[in-house]
Amino acid sequence: MPPQKHITISGFGAVTPHGLGASILYENTIKGKNCISEIAKFNNSPFRSKTAGFVDETGLNRILDRKGHSRVPLLSKIALCALSDAYTNADYKKRFRNSSTGVFWGSEGGVECIEHIYKAILKCNLLDVKPLEFQESVANASASHISIIEKIKGESFVSARGMHALHTAIAKLKSNCLKTAIVGACDEYAEIHHKAYSALNLLAHATSETSERCRPFDANRNGIIFSEGGSALILEVVDNDSELINKAKGVILGSGMTFDPQFGKDDKQSMKCFKRAMESAIDCAGINIEQIDTVFADGMGTKRHDRVETWALKELFGKKAYQIPIIGVKSGLGYIRCSSGLIDIMIGLSACKGGIIPPTIHYETPDPECDLDYVPNEQRSHNVRIFMVNSSTVEGVFNSVIVYGVN
Amino acid sequence: MKHRVVVTGMGTITCFGKGKETLFNHVIKGDVGVRHIDRFDTSNLKCKSGCYVPEDEYDKRLDTDRAHHLLFVAADEALKDADVLDSDKKNMGIFLGSIYGGMESWENVSDYIRHINKSCHIDSFNRYPLWALTENLSKEIGTLVAACSLSTACSSSDFALGLALNAIRDEEMDIALVGGVELLSRFIVSGFDSLNSLTLTACKPFDKNRDGLILGEGAGILIIEDYDHARKRNAHIYGEIAGFGSCYEAFDLARPEPTGKRRYTAATRALADADCLPDQISFVKAHGTGTPINDKIEILALKRIFKEKLPSIPITTYKSMIGHTCGACGAIEAIICFLCIQEGFIPPIANFKEAENESGLFFVKDYSRECKVKTILQMAAGFGGSNTSLIFREINHG
């Protein structure tokens, strides 16, 4: 099976509303915990949708205080803590501090900083702008902090999407430009996001019959619940006979990415696009489709996304689609925009080791259009070896990654 | 053997108006596109000028974010210039750089949340995110390839060019639309003003009396493709993107690394990628922002790269003419570079009079130089230490 060189995952880390660390993410996810709560960060009364997922900033400060980095804005705190967790997980021995390591990061920019600067602009008092706040507002600020603190001087790249960062990192590692890639993403969730998604009718909300929940694949699903958080994966190119292969947590076998310019207008077309992303990942992985034993679905929670994904899975897997567990972790975690997909890879790797797959929670009413095995509500023992991770965006970008997990 | 990647179409809109010919005609004359900013209140800002796109260049019938508008205008020109086939559009990669994207839409939504405005156009909610520029353009073109939105501060569109170059070399695609856009928004002007980075006199890169940069806005788009693909369809070729190099400084979020070592690393990576020696460079298109620190460090980097040959290498920058267009500067300035290759000119550094302690270096002063231009080194640097270099080369069909 394996080629001479592998793109291995040496470590991974996460900061999510479940807590600080990939371990607690997995523990809470398999328990079916819901980390979404009523919004307290800003006034939620004007909104029909009242909930989202937020990280514990006090906890982040405790970790970063010890390292002397707690003065950075929230977005960079999330990034640095996720990476710290990944380094611990990777048995970090400072071997990444060189010019053969690059940072590949997904970020939309520092909302907290942008809002603060804009407030100062409206008050016509730029003296209110703190030193470095303008630089912190730029999308590559978190990646820059990582490169500065960890002394990483290789080629680096910042995109608005974490999965694009992963895709680019894989290409760079395959072409031998770099030996190691720190891949990750970070998101903060602010009032402006909630306002925008509410105006675009994307958010889950309570009805006369159901409470406000993210309900992937459920007949009563009515939208997305967003969260903030961060993720970091450490990828290394490793020879088959290197001792590092034994320390790897997993191997990235293949990835695929497509775009549907007509998303929202033609679901069949979208289904073909999503299927093409998955096929591309499988081709790239060089495996037989029968070898995939688990799917971590995108499971966005909208009528359209979940229907399109289900159709694509059926078209791709045929009858086997009914036999593979399809897991929607956004049900308890929410949609962490830039990190979507990367978080699922971590949960998948943890499941490989732990032998337990998490449930898709809030699944109460089956939808005839979405009739696969979504592991409803209860965790399950399952031998995970090669899994597929799907993710998409609200605009029609589709990603798929095939991962081999070490247990 | 690396695939050769060439430029077959270009489009732009800047402070001089629409079109690459318009831009080039002004740049080779050394014209300066600075105006007093009247788009928003600048009374509490130290710097009140910028190089913004004239109002009459906007089509007011198009109800969309200004950044999106600029992008669509530039992309339209580039696609027509390259005469891209419809069949190619489906598989066309899109790589765009910007720092703040649809910032005007962000401000609209923000004002609406603060009850400053009673209403907000629904489009604003879908225009402000960084990815929105790229994905909305993708929808317009009809590509099925996932677009890439990059943001590495002022090296964003240089990075986009590098990424697209590698994607074509790796045979991920045959053709790509690459570029960048940045708006002269109230936010960005205020942000740079708060850093005291903006000039209070005139932007004069490398001059001993330089006191800061001048901001600009615009969009630049290049159509780049595999050489064999371009030849097969008889496309006009402006030149070749021969090499790309990048390097993070790992030094400081705000201050550049003071020795120029990392900019030198990015440049040497680009030269190696292009199989090019330093003395084959016809001229350097420096980042040249006009700030005391940037220009000094850039000279240190150039001294490391060219050593004793530096005095014979012309150095120029375009930012005193079109402003620092931030996330778009790489693309817009690349367009000018390829026209320099085609037309055989090296534009001057507008407002430059005398260098600071750098006697003997060849800063292109007062007027354009007419000469054969074979290979150009373009340099860029961004907040957080993101350095890039690109090598542009005349096409050789041999």
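## Overall size

For the 407 residues of chain A, a compact globule would have a radius of gyration near 22 Å, and chain A has 20 Å, which agrees. That radius is taken over C-alpha atoms, and the globule rule is 2.2 Å times the number of residues to the power 0.38. Along its principal axes, the C-alpha trace of chain A spans about 65 × 60 × 40 Å.

This is a predicted model, where local features need pLDDT of at least 70, side-chain atom pairs count only at pLDDT 80 or more, and totals for chains, interfaces and linings use all residues. Residues are numbered from 1 along each chain as its sequence is written, chains are lettered from A and ligands numbered from 1 in the order in which they are written, and side-chain values use heavy atoms, with hydrogens and water left out.

## Inside the chain

Buried residues (under 20% relative accessible area, 1.4 Å probe, protein chains only) make up 67% of chain A. Take the contacts (heavy atoms within 4.5 Å) between residues at least 6 apart in sequence: 78% of them join residues at least 24 apart.

## Helices α10 and α11

How do α10(A) and α11(A) cross? Their axes (lines fitted to C-alpha atoms over the stretch in contact, with angles from 0 to 180 degrees between N-to-C directions) come within 8 Å and cross at roughly 55°.

Key:
Helix = DSSP H or I, 4+ residues; strand = E, 2+ residues; numbered from the N terminus. Buried < 20%, exposed > 50% of the residue type's maximum accessible area, 1.4 Å probe, protein only.
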